Amino acid sequence: MNVKNCRGLIVILPCLLVPAFLYSEPKPDEHAPMLNIAVMNLKAKETSQDDADAAADFLRSGLSQYAKGKYKIIDRKSIGTILADLKMDLALAKDVDVAVRVGEIAGANMMVMGSLAMIEKRYYLSVQLLDVETGEVKAASSEDAPSFKKVKKTANKIAKLLIEKLNTK
């Protein structure tokens, strides 16, 4: 290779590399702390508490699916243990202040709470994602399902939406 060709490479190479560097997708920060998300049991409205508990489990499962190592979903048993220590029934712990307190004890950064309602033979799943530190609602979603068999799909849709909202903040 002669000197003239080397000079051409020296001029062209930076022109090729600079755009690639500027438009490359940033890598996730490996040292950033993982956010912990806890899901409270849902309040049952005109449906059974067992159905509401199952819907909360569906939410936990969906959140775990979409968390992709960026978020840790705190399991139901841990939340139940904390509520037992606080002498509260898991089914009755629906209040925002209780959710925030449980979240703090569980080491959660975010809490999911809400309700499962039956209205005119349709199920409505409504949830809020709360910042444990501030009590602020970071995201909320409500979806309906024609039958309880479809509540799992609905919970999964909401879980995906909550994770997407967290990812954009």
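1. Leaving aside residues up to four places away in sequence, V112 touches I37, A38, V39, M40, L59, L63, V127, Q128, L129 and L162, where contact means heavy atoms within 4.5 Å. Please keep in mind that this is a predicted model, in which local features need pLDDT of at least 70, side-chain atom pairs count only at pLDDT 80 or more, and totals for chains, interfaces and linings use all residues. Residues are numbered from 1 along each chain as its sequence is written, and side-chain values use heavy atoms, with hydrogens and water left out.

2. Which residues touch the most other members of the largest nonpolar core? They are I37, L63 and V112, in a core of 28 residues. A nonpolar core here is a set of buried Ala, Val, Leu, Ile, Met, Phe, Trp, Tyr and Cys residues joined through side-chain atoms within 4.5 Å; buried means under 20% relative accessible area, exposed over 50%, and partly exposed in between (1.4 Å probe, protein chains only). At least two residues of this core come from each of β1, α2 (49-67), β3, β4, β5 (122-131), β6 (137-145) and α5 (151-168). Helices (H or I, at least four residues) and strands (E, at least two) are DSSP runs, numbered from the N terminus. Another core, of 15 residues, lies apart from it and includes M40, I74, V98 and V100.

3. Strand β1 (residues 35-39) has four of its five residues buried. It pairs in the parallel sense with β3 (residues 71-74) over four bridges, and three bridges join β1 to β4 (residues 110-119), also parallel. Pairing requires at least two DSSP bridges between the strands. A38 stands opposite I74 in β3 and opposite M111 in β4.

4. Helix α3 (residues 76-85) buries I79, I82 and L83. Its buried residues fall within an arc of 100 degrees seen down the axis, so they line one face of the helix; the arc is that of the directions from the helix axis to the C-beta atoms. K77 and D85 are exposed on the face turned away from that buried side. Among the elements covering the buried residues of α3 are β1, β3 and α4 (96-106).

5. In α5, the buried residues include V151, I158, L162 and L166. Their cover includes β1, α2, β3, β4, β5 and β6.

6. A word on confidence: pLDDT (the predictor's confidence in each residue, from 0 to 100) averages 82 over the chain, and 75% of the residues score at least 70. Over residues 16-28 pLDDT stays under 50, and the model has one contact beyond four places in sequence for them.
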